[in-house]
Structures are given as C-alpha cells and as structure tokens.
Amino acid sequence: MKCALAFVALFVAMALAIPVPDQNAETLRFDSNVEVNGYNYQYETSNGISAQEAGELKNVGDSAALAVRGSYTYTAADGQVYTVNYIADENGFQPDGEHIPKK
C-alpha cells in the first residue's frame, strides 16, 4: 500500500514539474480512488494538462509487485500536444508516444 501511495506521489510530482504556460491554471477535474490492492486517479487542468493512472498489486514469484498503467497529455512550448502512454511494472518504466524514439 505504501508503494502505491509513493507511485501516486511520484507521478503527481512529475506532472507538476512540467512547465506550466498558464500560471493561473485551475484544476477542472480530479478523481482518486485508493484501495488495499490498487489505486487509480485522473485529473485535467485548464491549461490542457491531463493524466490518468491505475496501479494494482500482483504476485511476481514469491513477492508482490506494483503494476501501473497510465498516460499524460500536455502542450509543449512549441504549441504541439504530446501524449505519453506508459506501463511501469517489474520490467521497468515503458513509455510510448509518437514523439518518443522507438528501439
């Protein structure tokens, strides 16, 4: 459970670290649900930033691991809208987006 809350805090911190073009941006929507075996949240701001994420505990061998799926969207300084979809699990952080180079 503490891991789930740590991941939520990490991704919220990442979202807050994105440069905000509108210093007066307001939260238009925020939903959050934290349970024993998982969590989810989503938010949207007036300057076009949005994010959603869901995480759940799963068994990996003899131990439990947190499996997370989510996405975030923002408008860059050049006016282009970027979306990143990601998975974070026992295989690490795996982002995917049209602007992210493929291996």
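I count two strands as paired if DSSP finds at least two bridges between them. Strands here are DSSP runs of E with at least two residues, numbered from the N terminus.

The model is predicted: local features need pLDDT of at least 70, side-chain atom pairs count only at pLDDT 80 or more, and totals for chains, interfaces and linings use all residues. Residues are numbered from 1 along each chain as its sequence is written, and side-chain values use heavy atoms, with hydrogens and water left out.

I looked up the strand order and found an open sheet of 6 strands, 1-2-3-4-5-6, with antiparallel pairing. Strand 1 and strand 6 (92-96) are the edge strands, each pairing on one side only. Neighbouring strands are turned by 10° against each other on average, direction ignored; the axes are lines fitted to C-alpha atoms, and angles run from 0 to 180 degrees between N-to-C directions.

**Entry 2, strands 2 and 3.** I find 7 bridges between strand 2 and strand 3, in the antiparallel sense. One of the residue pairs is E44 with S50 in strand 3. The two strands form a hairpin with 4 residues between them, and G48 in the turn has a positive phi of about 90°.

Strand 3 and strand 4 pair antiparallel over 11 bridges, and V60 stands opposite S63 in strand 4. Their hairpin has 2 residues between the strands, with G61 at a positive phi near 65°. Strand 4 and strand 5 pair antiparallel over 8 bridges; R69 stands opposite I87 in strand 5.

I located E53 in strand 3 (residues 50-60). E53 is buried and has no salt bridge; R69, the nearest side chain of opposite charge, is 11 Å away. Buried means under 20% relative accessible area, exposed over 50%, partly exposed in between (1.4 Å probe, protein chains only). A salt bridge needs a side-chain nitrogen of Lys or Arg within 4 Å of a carboxyl oxygen of Asp or Glu. The E53 side chain does make a polar contact with the side chain of Y39, at 2.3 Å (a pair of N or O atoms within 3.5 Å, one able to donate a hydrogen and the other to accept it).

The largest nonpolar core has 11 residues, among them Y39, I49, L66, Y74 and Y86. Strand 2, strand 4 (63-75) and strand 5 (81-89) each supply at least two of its residues. Core members are buried nonpolar residues joined through side-chain atoms within 4.5 Å.

I found V36 in the loop between strand 1 (27-35) and strand 2 (38-45). V36 counts as exposed because its relative accessibility is 66%.

Notes:
Lys, Arg positive; Asp, Glu negative; His and termini not counted.
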